[in-house]
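The sequence and structure come first.

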Amino acid sequence: MSTLEDIYTGALRLLAPATPLLARGNGKLAQGIRGRRDAVEHLEGWARAERDRSRPLVWFHAPSVGEGLQARAVLTSLLELLPQVQTAYTYFSPSAVAFANRIPAGVTGYLPIDLPEQMDRCIRALHPSAIVFSKTEIWPNLTRAAEAHHVPLLLLSATLPESSSRLRQPTRALLAASHQRLYRVGAISAEHARRFERLGVSRRSIAVTGDARFDQVAQRARGVDRSSELLRGLAAPGSVTVVAGSTWAEDETHLVNALAAARTAGSSIRAIMAPHEPGEDHLLELEKRLDEQQLPHRRLADRPSAEGAEVILIDRVGILGDLYALADIAYVGGGFGTAGIHSVLEPAAFGTPVLFGPRHSNAREAAELVASGGAFEVRSTRELTDQLGRLAGDDAFRRATGERAQTYVDAGLGAAERSARLILLAMEEREK
């Protein structure tokens, strides 16, 4: 263990007496602390009851939902390639609790606190054949315990942008030993693969396997039931439907003004707006803006009619992936604020033209989708208005743009299977 890892572990121990106080309330920190109280015992209990040591087990870890979507695609592919494998799935963020319950793993739960004795207990109980991290997050004492028990560690859909704090001190120094313990890295691109070498990962340990999110969004798009009550009720033949997903207030300011301008210009555009956080206060403020522009609107809970050029406000979460099936045009939120742009791959997987604001450096696929001709960056209300009008008014142009978006997604497929095969290879090599 490095000196910095000693300091890191000591800091975790010093924080332990404060956890009862930090566990109070409903914030994410408090929820996470409470969720970890019995995390080790939860995994040990499952292992005593269900672990069959004649079968291999792969332990997947993803910090939150975004990384979990990638991990789920790989886990599903692994189950297809090796049906007898057992799987465990852990997460860090409380926001991933509901998502984890839909993972087809033998056991799911919070990752325990990253202390040596806790991680050692987990590995002894689960007896994993491999441990897989998704996208970015690795933990020093978990990697150290895995190395002590000769368990291969993999980082899949591995992402390392130039702006990452992992390339800068002190994070780089703290995680140096953990990165060097990685047995295999499956990077999303050659560019990202080269950066992992700068962290001390051996070149022979790195492969370019791609981003499993492409497989995940394509599978999700194929599985949408277009005849469902939700989608049938919101369908509006004869109108051009814009689905605006995961929007923030900054996005909505531009969207409302652009929709008002399009209506004035005579465009038959109907909008479905799904705010990132559809709380009552946010919805009331959005409704106020729509009223100011004299745009008729209703909430989904009010069972709105889909006829006319009205705005339908989505007042619950968990259905955006289905709503994109209705989109003739998609707008993805986050590009006008500071939160970072949300997934542009979800609407692109439906063959839908995509629009988004100028701040999208957190998502490489946004720029790539623009370069492919399947999306457009808009930097102002005027640009958003112009692009909406152009796409709504030219059916051939809209279809061609959507086809290019679909082609971009199709070109990225296969990463989940390549990643799963990398896990199998690592397991086979360690058995020799």
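Is Arg398 buried or exposed? Arg398 is buried, as its relative accessible area is 12%; buried stands for under 20% relative accessible area, exposed for over 50%, and partly exposed for the range in between, with a 1.4 Å probe and protein chains only.

## Basis of the model

This is a predicted model, in which local features need pLDDT of at least 70 and side-chain atom pairs count only at pLDDT 80 or more, while totals for chains, interfaces and linings use all residues. Residues are numbered from 1 along each chain as its sequence is written, and side-chain values use heavy atoms, leaving out hydrogens and water.

## Helix α8

Helix α8 spans residues 140-148, and its buried residues are Pro140, Asn141, Leu142, Thr143, Ala145 and Ala146. Helices (H or I, at least four residues) and strands (E, at least two) are DSSP runs, numbered from the N terminus.

The buried residues of α8 pack against the helices α1 (3-15), α7 (116-126) and α10 (176-180). They also pack against the strands β1 (57-62), β4 (130-134) and β5 (153-158). Contact here means heavy atoms within 4.5 Å. After α8 comes His150, with a positive phi near 60°.

## Salt bridges

Side chains of opposite charge can pair when their charged atoms come close. A salt bridge is counted when a side-chain nitrogen of Lys or Arg lies within 4 Å of a carboxyl oxygen of Asp or Glu. The whole structure holds 22 salt bridges.

One of them joins Arg398 to Asp395, with 3.0 Å between the closest N and O atoms. Both residues belong to helix α20 (residues 395-411) and sit three residues apart, about one turn of the helix. An α-helix has 3.6 residues a turn, so residues three or four places apart point the same way.

## Other pairs

Glu280 and Arg299 form a salt bridge with an N to O distance of 2.9 Å. Glu280 lies in helix α15 (residues 280-292) and Arg299 in strand β10 (residues 297-299), so this pair ties together parts 19 residues apart in sequence. Glu280 is partly exposed, with 43% relative accessible area, and Arg299 is buried at 13% relative accessibility.

Glu197 pairs with Arg203 in a salt bridge whose closest N and O atoms are 3.1 Å apart. Here Glu197 is partly exposed at 29% relative accessibility, and Arg203 is exposed at 63%.
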